[in-house]
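Here are my notes for you to read alongside the model.

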Amino acid sequence: TLAAPEAELRRAITAFTDNMIPPDLLEVTVKNAGRALKWVIKNGAEFEEPRGHEIRLHPALPTTVWGRIRPGGSHDAADFGNKRLALRLESLIKEKGGSIRYATKCIKLLTNDNGEVRGAVAQGNNGRFNIKARGVVLCSGGYERNNEMLLKYVGPRADEILRYGGPGCTGDGFRLCAELGAYLRSMNHVGFSHYYPADAYWQENLLGAYLEDAGKQGIIVNRDGARFFDESLGQRLLGSYMTKTTIFKKGWIIIDHLLYSIPNVKAKVETAREFGGTVHTADTLGELAVKAGIGPRLALTVGEFNEAVAEGKTPELEVPRAKTANRIFTPPFYAIPFVPGIVATYGGFLVNPKAQVLDWDKRPIPGLYAAGLSMEGSLSGGVENPEGAYCGCLSAGLIFGMLAAESVASA
């Protein structure tokens, strides 16, 4: 957490990024985490956890399912921590004479004859206009809504995956800086969540109705009814595998009634059902395969898996299962179709400790700064890291947003 001792933060970030985070950015992060946390608390943030373990803003969202947290939903996100803090900070900006332009798109960065960024061209409802400024801070998010960039950086099926991110994460910030020669780092790092109900493709309310608890307890199979991945490796690696190959676009989670009865599993399955997600049930595996459109090999796959679980030999299966292996033998049986999803992209601009965006020669681009997901690539590392290979996009927004503001003010 941001309030943890510097040594603890340093160890955690080093581990999560496989020691690939630039040393100067590691140090500026751990040195300023506590200061940034104090600043946001001073300006109205409240946290639920005890001091030193602040993670969730109070009151925390009790669910991530869009059908509940959307405007007017039973758990409208506007009533909870993140949105309440954003509204509080917005009011402070206005109190200090600042202004916020909504429904406004940045078209181009303005530079002077010396190549210094000195504003932007914006597009609003009434046409284009120029904004002149001492500096520009890019907080434009990632590129999960940009199909071209997903195919380029992530994999051959990446344009087909579900996205549970803001509509503004279109990679525009990276496009704006292409002619300036901005350095991009770790652009292939993304946060996968592969347990989306397949129906979420056309039913927006199902976004966020994750089925990871069912996937961890049961097995996953392809259309032929065969296992194709070690489920115990987790959703990030499975999502990555499915997205970066040309074979698997869809899979099925298979559980029995005992596994379904686990409270967390039942809650997630029933939430998916509530918002229109498909859940097939049957008293035999053969009948289940027919209902779900899975090949007849399903019964053989489950039988082989159950035998390996009983003998403690799941690591020896053709597709190994390293841990958390349960037999699937108590009817009724369940098959839940799922597809890969992506929460956010973690690549972005390389910055220095002053939050200045660097060019390909690693020199600061004068007047250009970045914070949050736009520069998350600066803080990421590792290869297919199950922890996500980054040290927190919200903390990157808070810490480097503060550093960028201070840099602009002192320029």
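1. Overall fold. Please keep in mind that this is a predicted model. The secondary structure of the protein comprises 13 helices and 16 strands. With a radius of gyration of 23 Å against the 22 Å that the globule rule gives for 411 residues, the protein is as compact as a globular protein of that length. Along the principal axes, its C-alpha atoms fill a box of roughly 70 × 45 × 45 Å.

2. Burial and contacts. Of the 411 residues, 51% are buried. The protein exposes about 19500 Å², and carbon and sulfur atoms supply 53% of that area. If you look at contacts between residues at least 6 apart in sequence, 68% of them join residues at least 24 apart.

3. In soluble globular proteins, nonpolar side chains tend to be buried together. Here the largest nonpolar core has 58 residues, and Tyr143, Phe349, Val357, Leu368, Leu379 and Phe400 are those with the most contacts inside it. Apart from it lies another core, of 51 residues, including Ile219, Val221, Ala292 and Phe305.

4. Tyrosine 143. Which residues does tyrosine 143 touch, leaving aside those up to four places away in sequence? Among them are Met149, Leu150, Tyr153 and Val154, then Cys169, Thr170, Gly171 and Phe174, and also Met187, Asn188, Val190 and Thr345.

5. A three-stranded sheet. The order β4-β16-β15 describes an open sheet of three strands with mixed pairing. β4 (136-138) and β15 (356-358) are the edge strands, each with a single partner, so one side of each has no neighbour in the sheet. On average, and ignoring direction, neighbouring strands of this sheet are turned by 55° against each other.

6. Inside and across that sheet. β15 and β16 (residues 364-370) pair in the antiparallel sense over two bridges. Leucine 358 has proline 364 in β16 as its bridge partner. Helix α13 (residues 393-410) lies across β4 and β16, and runs at about 140° to β16.

7. Proline 332 is in the loop between α12 (297-311) and β12 (333-339).

8. Positive phi. Aspartate 18, in the loop between α1 (6-16) and α2, has a positive phi near 55° without being a glycine. Serine 186 is not a glycine either, and its phi is about 55°; this serine 186 lies in the loop between β6 (184-185) and β7 (190-192). Are these residues buried or exposed? Aspartate 18 has 41% relative accessibility and so counts as partly exposed, whereas serine 186, at 17%, counts as buried.

9. Glycine 119. This glycine 119 is in strand β2 (residues 117-124). Its relative accessibility is 2%, so glycine 119 counts as buried. Leaving out residues up to four places away in sequence, glycine 119 touches Leu109, Leu110, Ile131, Lys132, Ala133 and Val136. Histidine 189 is 70 residues from glycine 119 along the chain, and their C-alpha atoms are separated by 30 Å.

How values were computed: Residues are numbered from 1 along each chain as its sequence is written. This is a predicted model: local features need pLDDT of at least 70, side-chain atom pairs count only at pLDDT 80 or more; totals for chains, interfaces and linings use all residues. Side-chain values use heavy atoms; hydrogens and water are left out. A nonpolar core is a set of buried Ala, Val, Leu, Ile, Met, Phe, Trp, Tyr and Cys residues joined through side-chain atoms within 4.5 Å. Buried means under 20% relative accessible area, exposed over 50%, partly exposed in between (1.4 Å probe, protein chains only). Contact means heavy atoms within 4.5 Å. Helices (H or I, at least four residues) and strands (E, at least two) are DSSP runs, numbered from the N terminus. Two strands pair if DSSP finds at least two bridges between them. Axes are lines fitted to C-alpha atoms, for helices over the stretch in contact, and angles run from 0 to 180 degrees between N-to-C directions. The radius of gyration is taken over C-alpha atoms; the globule rule is 2.2 Å times the number of residues to the power 0.38. Accessible areas come from the Shrake-Rupley method with a 1.4 Å probe; for residues, only the protein chains shown count as cover.
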